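My notes are below the view.

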Amino acid sequence: MSADSLPAFPLRPARVHEVCGAGARGFAAIAAAPMTRVLWLREAWLRETLNPVGLSAFLDPARLLVAQAEDQSDLLAVAEEALRDGAVPLVVLEISAALDLREGRRLQLAAKAGGATGLCLIPEGMGSNAAETRWQAMPIHDPRACGDSTLMRWDLIKNKSGTLGAWHVRWSTEARRLDLVSPAGE
């Protein structure tokens, strides 16, 4: 079954969305897959690093620019400028603290002005009222899978345009597409 029937995905352009959970980076990588260019912003103090080559199952690492900001305030300023400019169709922000309504609204206005899409990777339980959609992405162990399984459960927990729900999805590296998967029977 194709992911064409997955509501609110691909992410609505010219808006800012949020994702949380252990599979948030995988969600972001899948959202980035069809994009011509991606800007991925992180705070410099984060201990983990993002290796663009590690995302090669989803997109060509040459299309990805990873940048670090001193703190969340600088990160939001860079994201706002990138969204407003629109030269990069997807801006991914790894944030560490909740956005207030003013910050979330500024990002939404910038995305609308530039026609770019923003995706905030947020800590669990946080989120901005200004977000268009909020997803929770969690990996699922699949005992039937041989090798590395990318089976995930995506819960749409906020949607300003309608339907909420949950879907099991799997990234097909060979086809470079997202597939909906029926949950395993009990």
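This is a predicted model: local features need pLDDT of at least 70, side-chain atom pairs count only at pLDDT 80 or more; totals for chains, interfaces and linings use all residues.

Entry one, Lys 158. I found Lys 158 in strand E7, which covers residues 152-159. Is Lys 158 buried or exposed? Its relative accessibility is 15%, and buried means under 20%, so I count Lys 158 as buried.

I then looked up what surrounds this lysine. Beyond its neighbours within four places in sequence, Lys 158 is in contact with a run of residues including Ser 128, Asn 129 and Ala 130, and also with Leu 164.

Next I took a distance towards the helix. Gly 104 is 54 residues from Lys 158 in sequence and 15 Å away in space, C-alpha to C-alpha.

Entry two, helix H3. Which residues of H3 are buried? I list Gly 104, Leu 107, Gln 108, Ala 110 and Ala 111. They lie on the same side of H3, because their arc around the axis is only 165 degrees. Their packing partners are strands E1, E4 and E5 and helix H2. On the other side of H3, I noted Leu 101, Arg 102, Lys 112 and Ala 113 as exposed.

Last, I checked the ends. At the start of H3, a side-chain oxygen of Asp 100 comes within 3.1 Å of the backbone nitrogen of Arg 102. After H3 comes Gly 115, with a positive phi near 75 degrees.

Notes:
Residues are numbered from 1 along each chain as its sequence is written. Side-chain values use heavy atoms; hydrogens and water are left out. Helices (H or I, at least four residues) and strands (E, at least two) are DSSP runs, numbered from the N terminus. Buried means under 20% relative accessible area, exposed over 50%, partly exposed in between (1.4 Å probe, protein chains only). Contact means heavy atoms within 4.5 Å. The arc is that of the directions from the helix axis to the C-beta atoms. A polar contact is a pair of N or O atoms within 3.5 Å; within protein, one must be able to donate a hydrogen and the other to accept it, and residues adjacent in sequence count only if both atoms are side-chain atoms.
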